[in-house]
Amino acid sequence: MKLTPEQRAQFDRDGYLFFPGHFTPEETRTLTEAVPDLYSRREAFNVREKGKDAVRTNFAAHLISEPFARLARHPRMVGPVTDLFEEEVYMHQFKINGKMAFEGDVWQWHQDYGTWLNDDLMPTERAMNVAIFLDDVSEYNGPLMFIPGSHKKGVVDAKHDLTTTSYPLWTVDHDLIRQLVDRAGGKDGGIVSPKGPAGSMILFHSCLVHASGSNLSPFNRVAVYLSLCAVSNHIRRFKRPEFIAQRDFTPIEMLPDDCLLKPYPVETPWQHGLPESALQTSLDVIDEATAA
């Protein structure tokens with residue numbers, strides 16, 4: 001999948017691209033039906049909402065579940081990212097965020113690259129987020145909010161919020177958010193919120209400032225978030241467990257376009273549980289020999 005010159009220009013200007021209905025209902029259903037089994041497991045890769053049983057984030061499903069292993073290699077998802085980077089990519093992080101009805105908590109204003117830089121020592125922002133809706137997303141069930149053009153600011157100062165939710169996040173100061181929103185148009189487009197049917201996809205820059213509110217509606221808002229990184233830009237530190245920040249920098253090999261509908265063989269090495277190595281961390285800076 002190649003991007004048009006107009007799409008490239010829009011991405012450069014706004015920091016994101018929205019593809020409504022990018023995956024068919026049948027393709028999306030294949031993924032949705034695999035979520036309950038993943039969420040039911042009492043393992044470290046399921047982070048639950050603060051004080052609740054509802055899953056906030058499921059990590060590394062592409063190493064556990066065959067449908068998500070195929071999604072991780074889907075050309076409609078990987079292709080546009082490699083096209084933008086003009087380089088092969090690896091899977092830095094794979095999440096299924098479950099903003100469940102009545103229980104899904106906020107995601108504070110942040111840049112994803114802020115976390116990847118501070119925690120993982122990712123050298124530059126040559127990494128991309130891909131969000132795929134597994135539920136219809138409306139104004140009621142906690143949709144993503146973007147500040148268009150905020151990626152142009154580059155890496156901004158962030159503080160490590162360890163208390164607001166169950167998941168620590170490097171968050172952006174409210175005064176800077178006001179400045180960025182004003183610069184982007186204030187009440188006239190300073191914040192945008194892509195909404196659409198299940199199967200829709202968003203590509204967004206790793207420095208794009210974004211957030212989402214809590215889900216007070218009776219409608220779930222489950223979405224997959226895939227973070228793809230240019231191979232040359234791989235992380236240099238394993239401070240976080242491997243199920244959160246992947247350590248395999250092998251370039252992704254794409255499957256055929258119908259891979260969500262046909263059982264192409266894929267490896268799921270963690271399907272029977274996390275290996276001990278996936279929980280180990282280190283503050284050491286890795287070298288190229290280690291990475292290889």
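Author: On a 1 Å grid over the protein atoms alone, a cavity is a set of points where a 1.4 Å probe fits but cannot get out, while a pocket is an open set with protein on both sides within 12 Å along at least five of seven lines; lining residues have an atom within 4 Å of a point. This is a predicted model, where local features need pLDDT of at least 70, side-chain atom pairs count only at pLDDT 80 or more, and totals for chains, interfaces and linings use all residues. Residues are numbered from 1 along each chain as its sequence is written, and side-chain values use heavy atoms, with hydrogens and water left out.

Reader: What is the volume of the largest pocket?

Author: A volume is the space filled by probe spheres set on grid points joined across faces, edges and corners. The lining has 16 residues, with His-62, Leu-63, Arg-73, Asp-248 and Thr-250 nearest the centre of this pocket. Its volume is about 450 Å³.

Reader: Which residues line the second largest pocket?

Author: This pocket has a volume of about 180 Å³. Its lining consists of Gln-108, Trp-109, Asp-157, Ala-158, Lys-159, Asp-161, Thr-164, Thr-171, Val-172, Asp-173 and His-174.

Reader: Which residues lie nearest the centre of the largest cavity?

Author: The structure holds three cavities of 30 Å³ or more, and the largest cavity has about 210 Å³ of space. Of the 18 residues that line the largest cavity, those nearest its centre are Lys-95, Asn-97, Trp-107, His-110 and Asp-112.
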